[in-house]
Amino acid sequence: RFATRGTLDDDVLLDVMEESYLAQSIFTAFGVITNICSIVGAIHYKSWMVGINIAWMVINWIAMVVIEVMAYNEIMENYAGSELIRMPIAILLFGASWTGFFIYPMASFIVEVRKGIMSRETYASKAYSCCCTPRRY
């Protein structure tokens with residue numbers, strides 16, 4: 001259970017959470033699908049498939065920001081005692097950083113595939129730079 005702040009009731013917070021379960025499930029399922037698409041794209045050197053995951057990650061983060069702002073505004077407008085609740089700016093910034101942390105290597109992969117640096121033919125000569133590949137001496 002959530003701790004109450006002011007007159008903001010636990011039941012209200014639980015209702016808001018229960019209403020969002022379907023959306024959360026859909027977003028999670030779509031995220032799993034785009035992650036699988038990205039892995040398959042990387043295996044087959046298809047940059048557009050990796051790009052789908054990047055696009056989804058950006059859309060997902062934007063949706064998270066919109067949902068957070070809407071929930072915050074609803075709480076501020078409708079519930080007494082809500083002045084104790086602050087906009088979760090740190091969480092939103094952390095989410096942006098975390099998203100960027102995952103987008104960077106995928107974007108680098110796309111750039112290298114498009115420049116011809118990374119391909120099925122060149123992989124053997126570039127494999128030494130991968131930390132998980134045994135080195136040949």
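Biologist: Why does valine 66 count as partly exposed?

Modeller: In this predicted model, valine 66 has 42% relative accessibility. Buried means under 20% and exposed over 50%, with partly exposed in between, so valine 66 counts as partly exposed.

Biologist: Where does valine 66 lie, and which patch includes Val66?

Modeller: Valine 66 lies in helix H3, residues 47-78. Together with Val58, Ile62 and Met70, Val66 forms a nonpolar patch on the surface, and the four have about 350 Å² of accessible area together.

Biologist: How many aromatic pairs does the structure hold, and why is the pair of phenylalanine 27 and tryptophan 56 called tilted?

Modeller: There are seven aromatic pairs. The ring centres of phenylalanine 27 and tryptophan 56 are 5.4 Å apart, with the planes at 45°. Centres within 6.5 Å make a pair, and planes under 30 degrees apart would be stacked, over 60 edge-to-face, so this pair is tilted.

Biologist: What does the pair tie together?

Modeller: Phenylalanine 27 is in helix H2 (residues 21-43) and tryptophan 56 in helix H3, so the pair ties together parts 29 residues apart in sequence.

Biologist: What makes tryptophan 56 buried?

Modeller: Its relative accessibility is 12%, and the cut-off for buried is under 20%, so tryptophan 56 counts as buried.

Biologist: Why is the pair of phenylalanine 30 and tryptophan 56 called edge-to-face?

Modeller: Their ring centres are 4.6 Å apart and their planes at 65°. Planes over 60 degrees apart count as edge-to-face, so the pair is given that name. This pair links phenylalanine 30 in helix H2 with tryptophan 56 in helix H3, 26 residues apart.

Key. Residues numbered from 1 in each chain as written. Predicted model: local features only at pLDDT ≥ 70, side-chain atom pairs only at ≥ 80, totals over all residues. Heavy atoms only, no water. Patch = residues over 30% accessible without salt bridge, like charges linked within 9 Å, V, L, I, M, F, W, Y side chains within 5 Å. Areas by Shrake-Rupley, 256 points an atom, 1.4 Å probe, with all protein chains shown as cover. Salt bridge = Lys/Arg side-chain N within 4 Å of Asp/Glu carboxyl O. Helix = DSSP H or I, 4+ residues; strand = E, 2+ residues; numbered from the N terminus. Buried < 20%, exposed > 50% of the residue type's maximum accessible area, 1.4 Å probe, protein only. Phe/Tyr/Trp six-rings, centres within 6.5 Å; stacked < 30°, edge-to-face > 60°.
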